[in-house]
Amino acid sequence: MPTLISDAARLVPALKARAAEAGFAACGITSTAAIPTAGERLYAFLGAGHHGDMDWLAGTAERRADPRALWPEARSAVVLAQSYAPAHDPLAVLAEPERAAISCYAQRRDYHDTMKPALKRLASWFSEVAAA
C-alpha cells in the first residue's frame, strides 16, 4: 500500500502541472492550520466594515475563518490563483486624462465564470488520480 509521502511525491507535481494547464497562474499546497490568525484577522476586517456591501462575507465568516470548520478531517488545502494582468501596461491609460481607467479585472470575464469551471475540472481530475 502506498504511503502518504509517496502519494504526495506523486500527486503534488502532477496537480501543479495540471493546474498550470487549466490556466492557473499559481498552485500551492499548505496546511489547513497554516495561518492561525486568519480567523482573528477576518473578524477584524469585517468589524472595520472593509467588506462594504458584501453582506454574504459577514454571513459566512464562521466557515471562512478556518477551513477546518467545513472539513474537520482535511489536513491540506490547495491554493490557486488566476492572473488578470493584461498584455499591455494597465497604468499607461493614467497618462491620458481624457480616457477612463478601468480595473484590470473588470476588463475581462467575471472570475466566477472562468475560475469555477476550471476548479471543477481540476477537482474532478484530482479525485480520479488520487483514488487510483
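## Report on a predicted single-chain model

Across the chain, pLDDT averages 90. A score of at least 70 is reached by 95% of the residues. Where pLDDT is low, the predicted coordinates should not be read in detail.

**Fold and overall form**

The chain has five helices and two strands. In sequence order they run α-β-α-α-α-β-α. The radius of gyration is 19 Å, whereas a compact globule of 132 residues would come near 14 Å. Along the principal axes, the C-alpha atoms fill a box of roughly 65 × 35 × 20 Å. Of the 132 residues, 14% count as buried.

**The largest pocket**

The largest pocket holds about 1,900 Å³ of space. Its lining is made by 46 residues. Nearest the centre of this pocket lie T32, S76, A77, V78 and V79. Several elements give two or more residues to the lining: the helices α1 (4-21), α2 (38-47), α3 (55-59), α4 (61-64) and α5 (111-131), and the strands β1 (26-31) and β2 (76-81). The largest share comes from α5, with nine residues. By class, the lining has 31 nonpolar residues, seven polar ones and eight charged ones.

**An aromatic pair**

The structure holds one aromatic pair. Its members are W125 and F126, whose ring centres are 6.4 Å apart. The planes of the two rings stand at 50°, so the pair is tilted. Angles under 30 degrees would count as stacked, and angles over 60 as edge-to-face. A pair of aromatic rings is described by the distance of the centres and the angle of the planes.

How do the two partners compare in accessibility? The table sets out W125 and F126.

| Residue | Relative accessible area | Class |
|---|---|---|
| W125 | 14% | buried |
| F126 | 28% | partly exposed |

W125 counts as buried because its 14% lies under the 20% cut-off. F126, at 28%, falls between 20% and 50%, so F126 is partly exposed.

**In brief**

This predicted model has the pattern α-β-α-α-α-β-α. Its largest pocket has about 1,900 Å³ of space, and α5 gives the largest share of the lining. The one aromatic pair, W125 with F126, is tilted.

How values were computed. Residues numbered from 1 in each chain as written. Predicted model: local features only at pLDDT ≥ 70, side-chain atom pairs only at ≥ 80, totals over all residues. Heavy atoms only, no water. 1 Å grid on protein atoms, 1.4 Å probe; cavity = no way out; pocket = protein on both sides within 12 Å on 5 of 7 lines; lining within 4 Å. Points joined across faces, edges and corners; volume = space filled by probe spheres on them. Helix = DSSP H or I, 4+ residues; strand = E, 2+ residues; numbered from the N terminus. Nonpolar A, V, L, I, M, F, W, Y, C, P; charged D, E, K, R; others polar. Phe/Tyr/Trp six-rings, centres within 6.5 Å; stacked < 30°, edge-to-face > 60°. Buried < 20%, exposed > 50% of the residue type's maximum accessible area, 1.4 Å probe, protein only. pLDDT = per-residue confidence, 0-100. Rg over C-alpha atoms; globule rule 2.2 N^0.38 Å.
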